[in-house]
Amino acid sequence: MSKQATVYVVNIGASTASYFDKVKASLLALVQSKVVGGRKTDVYGVVLVGSEVTKNDLYTGEGNEYVNIQVLNNIGPALAPSFRNVHAIQPSTKEGDSLDGLIVGLDLLVRYVGRYRFAKRVLWFTDAQDSIAGTEVDAIAQSMRSKDVELDVLGYDFDEMSLSNAEKGTAQHSLATFVAESGGFVTPLEAAHADLTMGHGVTKSKPKSVPTYRGPLCFVNDVFMDVSVYLSTSRATVPTAQKVSREAYDLVEDKSQLQHGDTDVIMERVYQKIVEKPPKDTQSQANDGTDLDCGTNIGQGEQEDDEEEEEPEIVDDENLIRAYKYANVYVPFLTHEED
């Protein structure tokens, strides 16, 4: 699908301070890939969990729900202001609820897409320290499946194997259940960070291993991104097989004198004019008006069978014209009419 909407839900709370550098580098690499792609239909948004600021449409100003959840970037194309906002993210001293952040991200995604056909994706950066369980979580997982929202979890210090082996009742076990019910996938942050910062998550094909330039690129004022420049490469393919004339090859006594193309098969087309004749039984009946069952035309039919059919007439190339099929009729077009 050409249109894609992605929401990054990122936990930057105080408890995740040791992972902040890798989290930010991975997020910058993901956004950078959208900036380099330059597709207006590849949009994204960013939701921060544990932010110093509370800024989202679900926060009513009362209670503890959706507190310290900030919509850093509303969903839209990867332009300079949104990239600058991601580049300016700083560690936080607050804590936020990861599930609240996911709900805010889903609400942002569903309201933006509406009835349009988008490939919907949520990338959830989490440390799996918040317990998520209950009927509300089941409803969220079912809603994601019904709306075809793809969920990818980037675990700060866990992978899919450790989640599946987590003890029942723990936060990681509840997260594993939620991921399974929503049809999501889990990727360790360490592996994702290595792939993204090396460019494997950005380029469509693996380039040569040695870049011609590697360093910072000034994107906007005081905002730089690390880039690697490679020489353009092309995929090597096996030459296609061609037909050769065995007869022409056998006629050459000294095979060492053969040059490229000497035994190639040259295709020539011959067009023949074929006139379809009416069925013989119908023609006999039309000529004398007798009933076919009376046997009066048997001799005539045998005589027609013994006659040799005429050879088809060969049509020269200059007498050929192009015709296009319209329904069951071929409509001819002359050369000067096509121009």
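Predicted model: local features only at pLDDT ≥ 70, side-chain atom pairs only at ≥ 80, totals over all residues.
The side chains of Arg121 and Asp152 come together in a salt bridge, 2.9 Å from N to O. Arg121 sits in strand β4 (residues 119–126) and Asp152 in strand β5, so this pair ties together parts that are 31 residues apart in sequence.

**Salt bridges**

Side chains of opposite charge can pair when their charged atoms come close.

| Pair | N to O distance |
|---|---|
| Arg111 and Asp107 | 2.9 Å |
| Lys34 and Asp42 | 2.7 Å |

Arg111 and Asp107 both belong to helix α3 (residues 98–113), where they are four residues apart, or about one helical turn. Arg111 is partly exposed, with 48% relative accessibility, and Asp107 is partly exposed as well, at 24%. Salt bridges with shared partners also bring in Asp57, joining Asp57, Asp107 and Arg111 into one network.

**Aromatic pairs**

Now to the rings. The structure holds four aromatic pairs. One of them joins Tyr19 and Tyr156, whose rings are tilted, with 5.4 Å between centres and 40° between planes. Tyr19 lies in the loop between β1 (4–11) and α1 (20–37), and Tyr156 in the loop between β5 (149–155) and α5 (160–164), so the pair ties together parts that are 137 residues apart in sequence. Tyr19 is partly exposed, with a relative accessible area of 24%, whereas Tyr156 counts as buried at 6%.

Tyr112 and Phe118 form an aromatic pair of the edge-to-face kind, with centres 6.0 Å apart and 75° between the planes. Here Tyr112 is partly exposed at 35% relative accessible area, and Phe118 is buried at 13%.

**A charged patch**

Which residues form a negative surface patch? Glu313, Asp316, Asp317 and Glu318 do. Of these, Glu313 is found in strand β10, which covers residues 313–315.

Key. Residues numbered from 1 in each chain as written. Heavy atoms only, no water. Phe/Tyr/Trp six-rings, centres within 6.5 Å; stacked < 30°, edge-to-face > 60°. Helix = DSSP H or I, 4+ residues; strand = E, 2+ residues; numbered from the N terminus. Buried < 20%, exposed > 50% of the residue type's maximum accessible area, 1.4 Å probe, protein only. Patch = residues over 30% accessible without salt bridge, like charges linked within 9 Å, V, L, I, M, F, W, Y side chains within 5 Å. Areas by Shrake-Rupley, 256 points an atom, 1.4 Å probe, with all protein chains shown as cover. Salt bridge = Lys/Arg side-chain N within 4 Å of Asp/Glu carboxyl O. Lys, Arg positive; Asp, Glu negative; His and termini not counted. Charge placed at Lys NZ, Arg CZ, Asp CG, Glu CD.
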